[in-house]
Amino acid sequence: MNSLKDEIQKTKTELEHAIKQASNEESLETIRITYLGRNGRITTLMESLKKLSLEEKRLVGPLLNDLKLCAESLWCERGQVLMHEHLCQEAKRQEHFDVTVYRPNTALGSLHIYTHIIRQIEDIFTSMGYARADGPEIETEYYNFDALNIPAIHPARDMYDTIWISDFSNMLLRTHTSPVQVRAMEERGAPLAVFVPGRTYRHEATDATHDFMFSQVEGLFIDKNVSIANLIATSKAFLSALFEVKDLAIRVRPSYFPFVEPGLEIDFSCPFCTTGCSLCKKSGFIELMGAGLVHPHVLRCGGIDPDIYSGFAFGFGLERLAMIKYGINDIRLFHGNKLSFLEQF
Ligand code: FA5
């Protein structure tokens, strides 16, 4: 029995020493297994109690219980100390954050293609002295149609498949950016030079070149003695700058829009070929925008006297322009949120 008492004392001394030496979680776990595990030294000592007489059990039992409790509490305390030390070290490590360390494979975001193309267009127009103007996407029937010389009975309304806000209101989603013409005239008066990039909506089936939500860029210039020559020169300068092509040829065709007189459509020489390619459908020209000299009715609605001032206006599809510039073959990619597409810009 005395040898058992000695063994208990020896185990306690060695355990205390081992726990003091433990420097990390792994060594602490090894100590737990060595002393308190299923075949551990304290567990084995407990087993040996069974062989003792009742009298001996009364004497040695409490010593063994004390040893077990002492081992458990020393083990827990040391664990908490180690955990605290680890947290302090981690906090210190994070304090020393080296901002110059190069991190490969860091994913960087990129600008959306809309932002890219609008910024380029903005740079070109502002360099020509134009100011940016904006208008509401939920528009009144008056600005979208009536002020643009398209009264309710006018067949030209059929050209714009309109999305109305409700059956009984005169509010709609603007079908083009042209309503900002009259708004800009009212707000700024003449002379005037503005460009208007913005979203437009039409109740249309979608395909590779049509969407129900797309964007247009409107241009409006008003001064004294403005002529078609000014419109042609401006269109040429804008397209040459955007496509970085010197002396880009344009083709002017007669067309009809109720808010301009005369009305034109402007095509530009294909910047990708000289003899005809799939983009220009082998014609050498790409259709781009509606344009013309501002109709006197529209000037009057904007509070500008058509006997003193004249002006030109044009409107083109922003996505169609970006599709040509970047070789994109489907307009639906612009809103598709496909990362493989967006990451290219
Ligand atoms: C207009 O919207 C006139 N407001 C343009 C204008 C402005 C004429 C100023 C005269 C003076 P149009 O409906 O043709 O015109 O549309 C202009 C351009 O918008 C088209 O050439 C095309 O590039 C683009 N567009 C029209 N419908 C869609 C559509 N569903 N999806 C994508 N782009 C479209």
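Modeller: One term first. A pocket here is an open set of grid points, taken over the protein atoms alone, with protein on both sides within 12 Å along at least five of seven lines. A molecule sits in a pocket if more than half of its atoms lie within 2 Å of its grid points. Bear in mind that this is a predicted model.

Biologist: Which pocket is the space taken by the ligand?

Modeller: The pocket search ran over the protein atoms alone. The ligand's space turns out to be the largest pocket.

Biologist: What is the distance from a nitrogen atom of the ligand to an N or O atom in the side chain of Ser178?

Modeller: The cut-off for a polar contact is 3.5 Å. An oxygen atom of the ligand is 3.5 Å from a side-chain N or O atom of Arg320. A ligand nitrogen is 3.0 Å from a polar backbone atom of Asp211. For the side chain of Ser178, the distance from a ligand nitrogen is 2.9 Å.

Biologist: How much of the ligand's exposed area does the protein bury?

Modeller: Take the ligand alone first. It then exposes 680 Å². Of that area, the protein buries 89%.

Biologist: Where is the proline of the cis peptide bond with omega near 0°?

Modeller: Pro191 is in the loop between α7 (179-188) and β5 (192-201). The bond with omega near 0° runs from Glu261 to Pro262. Pro262 is in strand β8 (residues 260-269).

Biologist: Where does Glu244 lie?

Modeller: Glu244 is not a glycine, yet its phi is positive, about 50°. Its place is the loop between α8 (228-243) and β7 (250-255).

Biologist: How many Å separate the centres of domain 1 and domain 2?

Modeller: Domain 1 covers 2-95, and domain 2 covers 113-342. Taken over C-alpha atoms, their centres are separated by 83 Å.

Methods. Residues are numbered from 1 along each chain as its sequence is written. This is a predicted model: local features need pLDDT of at least 70, side-chain atom pairs count only at pLDDT 80 or more; totals for chains, interfaces and linings use all residues. Side-chain values use heavy atoms; hydrogens and water are left out. Domain bounds come from an automatic or database domain assignment. A polar contact is a pair of N or O atoms within 3.5 Å; within protein, one must be able to donate a hydrogen and the other to accept it, and residues adjacent in sequence count only if both atoms are side-chain atoms. Accessible areas come from the Shrake-Rupley method with a 1.4 Å probe; for residues, only the protein chains shown count as cover. On a 1 Å grid over the protein atoms alone, a cavity is a set of points where a 1.4 Å probe fits but cannot get out, and a pocket is an open set with protein on both sides within 12 Å along at least five of seven lines; lining residues have an atom within 4 Å of a point. Helices (H or I, at least four residues) and strands (E, at least two) are DSSP runs, numbered from the N terminus.
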